[in-house]
Amino acid sequence: GTTPDHIRQIRRAVSSVSAGSAARARRAGGAEAGAAPAVTPVPREEKSRLANALARGAFVRLVSVIPPKGHRLDELIEQARLLRIRGVDVLQVSDAKTGTRMSGLSAAVLVQQQTGIETLLNYTCRDHRLLAMQSDLLGAHAMGVRNLLITTGDPQRLGEFQDATLVFDVDSIGLTNVVTRLNRGSDIGGQPVAPPTAFHVGVAVNPSALNLDEEVRRLRYKEEAGAEFVVTHPVFDPADLQAFLARAGGVSVPIIACVRPMEDARRAEALANEVPGVRVPAAYVQRLLDAEAQGRAAEEGVAIAREVARGLRPMVQGLQVAVPPARLAAAMDVLAALDE
């Protein structure tokens, strides 16, 4: 058995082998065994079109979509082509695990290859082991995906599959560290990755979180881990982002604000009451209720989102509109408000 004496003997044997290998390496004039060679990371502005735009201080426009149910991508491909023609810079492919949906990674690769629009892959830690995440991301890089939005993911039952389990090997801070290592030419075990990856690393922040001090603390860790830009959770009141930035004392990386036009008052109230950390102002809900009486709630939701977008514009370097697939026209209406 593995008694204390047995373990001591193993330690002595391993130490003698390691010491001998290191001595031979020094005599040969080389680095110690296992040391990764020095590499030059890819400059940020060369990683992707989104990275280049943010590095230059340009304002970017994004639309968020979810992968389709099943394996047919025709409709999403057509929507992506239309969005590109209408001036959308990046399509964020969300990581939705409800029902039988295509993986976000597969959808992002296919959209990018078939339409030419750049994608931002929302990669969630919740559903993957750490080694599987590294493999996924290396494969995504090989297929041309460069922009990542790394999120931890909320605990939830997985759609219709109530007995499915969740995996939380690492959170968004830990995975950001892993991707930063890959960008510097080293994997999670310290082995060299040559050439280094060129991921453009984004993280999420919630300006209306219940505990703002904790949200700021986690954002600082994400910045230290190598985050290069931030995408907010949906913002329904520009004052929330203003208050968050004041509490944080500013953010060292570009911010992309997310806006979500609501279809009706019921959905707005459900979002505010059932999702922790989401604040939908009472005045917002009342405007939707008044509009419902006139049969124009969806139009009012877009009008409010346009007002929110204009209020956020001076504080951010990009705007992302999150809508269901059937409401992409609403996303374009919201983005149009930035040019008025």
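The points below describe the fold, the packing and a few side-chain contacts of this predicted model.

1. Overall make-up. The protein chain contains 12 helices and 10 strands. Of its 340 residues, 48% are buried. Taking contacts in the protein chain between residues at least 6 apart in sequence, 78% join residues at least 24 apart.

2. The barrel. Eight strands close into a barrel, with parallel pairing. Their order around the barrel is β1-β2-β3-β5-β7-β8-β9-β10. From one strand to the next, the twist averages 25°.

3. Strand β7 covers residues 200–205 and strand β8 covers residues 229–234. The two pair in the parallel sense over four bridges. Val203 is found opposite Val230 in β8.

4. The largest nonpolar core. This core has 76 residues. Which of them touch the most other members? They are Val63, Leu175 and Leu319. For Leu175, leaving aside neighbours within four places in sequence, the contacts are Tyr123, Cys125, Met133, Leu137, Ile150 and Val170.

5. The second core. A separate core of 12 residues is also present. Among its members are Ala53, Val90, Leu149 and Phe229.

6. The aromatic pair. The structure holds one aromatic pair. The ring centres of Phe236 and Tyr284 are 5.6 Å apart and the ring planes stand at 80°, so the pair is edge-to-face; the cut-off for that class is over 60 degrees. Phe236 is in the loop between β8 and α8 (238–248), whereas Tyr284 is in helix α10 (residues 282–292). The two residues are 48 residues apart, and the pair thus links distant parts of the chain.

7. Burial of that pair. Are Phe236 and Tyr284 buried or exposed? Phe236 has 4% relative accessibility and therefore counts as buried. Tyr284 is buried as well, with a relative accessible area of 5%. The limit for calling a residue buried is under 20%.

Notes
Residues are numbered from 1 along each chain as its sequence is written. This is a predicted model: local features need pLDDT of at least 70, side-chain atom pairs count only at pLDDT 80 or more; totals for chains, interfaces and linings use all residues. Side-chain values use heavy atoms; hydrogens and water are left out. Two strands pair if DSSP finds at least two bridges between them. Axes are lines fitted to C-alpha atoms, for helices over the stretch in contact, and angles run from 0 to 180 degrees between N-to-C directions. Rings of Phe, Tyr and Trp (its six-membered ring) pair if their centres lie within 6.5 Å; planes under 30 degrees apart count as stacked, over 60 as edge-to-face and the rest as tilted. Buried means under 20% relative accessible area, exposed over 50%, partly exposed in between (1.4 Å probe, protein chains only). A nonpolar core is a set of buried Ala, Val, Leu, Ile, Met, Phe, Trp, Tyr and Cys residues joined through side-chain atoms within 4.5 Å. Contact means heavy atoms within 4.5 Å.
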